[in-house]
Amino acid sequence: MKIQELFDLKGRVAVVTGGGKGIGFKMAEGLAEAGANIVLCSRRIENCQQAASDISRIGVKTLARKCDVKSAADIQKVVDDTVKEFGRIDILVNNSGTNWGATPEEYPLEGWNKVMETNMTGAFLFSQAAGRVMIRQKKGSVINIASIMGIIGMEGDAADAIAYSASKGALITFTKDLAAKWAKHNIRVNAIAPGWFPTDMSRWVLENQGAKLTAHIPLRRFGEGDELKGATVFLASEAASYVTGAVLPVDGGYLSI
């Protein structure tokens, strides 16, 4: 295959959770620019509807659905609606996530459970529901959005969010284990570990600890949304047909030092 064909996603169907804004929207936009039809879902349907409208201008079909990834019923409805509309699911991007800031010694159980259920259990439930479709198809690609915080520890003044770090670390191990188990179905499971990108969750940290963080980033800057497009399209496409169980950092070199 020629290189253009390897990255071509025409006719594919991608579900992006939390795709209504931020890096989720950018990743969905990248998949659409490569030709994929896009399904966006999150708790805030208005964001997804606006994002779907914007992405449809690229020339692909889009669908917006309300979904709380802590709800197996919500997830199943998104999967069912996607199959009804498009007949298949080729790509799943588990991007929905949340955070709760507190010191470990004061961390409330409520916050721990909310973060774990959204970041880890939500990815499990969505992978399970979409995976059943992919198994029938005998092909698929699951991309879990982890974090460099799931790989290394962070000082409290940079990120006092132990449940977030723990959930992303669990997501990385989940990625590797699911990749091993679903390889027989020709389903690839990989993860992207973003570094510091401006998002609603990271805004306070970047505004208050930005100088300290950039001093540790060899490229000396934070990431931009478009810089996640390439990694997402690569892992979703035939260009990564022999890549599974991998964790791809997109971090400006943060993990290298």
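In this predicted model, the Thr214 side chain gets to within 3.2 Å of the backbone oxygen of Ala211, a polar contact (a pair of N or O atoms within 3.5 Å; within protein, one must be able to donate a hydrogen and the other to accept it, and residues adjacent in sequence count only if both atoms are side-chain atoms). Thr214 itself sits in helix H7, residues 203-215; helices here are DSSP runs of H or I with at least four residues, strands are E runs of at least two, and both are numbered from the N terminus. Setting aside neighbours within four places in sequence, Thr214 is in contact (heavy atoms within 4.5 Å) with Arg220, Arg221 and Phe222.

As for the ground rules, residues are numbered from 1 along each chain as its sequence is written, and side-chain values use heavy atoms, with hydrogens and water left out. Local features need pLDDT of at least 70 and side-chain atom pairs pLDDT 80 or more, while totals for chains, interfaces and linings use all residues.

Helix H5 has 29 residues and spans 40 Å from first C-alpha to last, close to the expected 42 Å, that is, 1.5 Å times one less than its number of residues. H5 still carries a kink of about 35 degrees centred on Thr121, the bend being the angle between axes fitted to the seven residues ending there and the seven starting there.

Just after H5, Lys138 takes a positive phi of about 65 degrees. This residue lies in the loop between H5 (109-137) and strand E5 (140-145). Lys138 counts as exposed because its relative accessibility is 62%, where exposed means over 50%, buried under 20% and partly exposed in between (1.4 Å probe, protein chains only). Beyond residues up to four places away in sequence, Lys138 touches His185 and Asn186; its C-alpha is 5.3 Å from that of His185, 47 residues apart along the chain.
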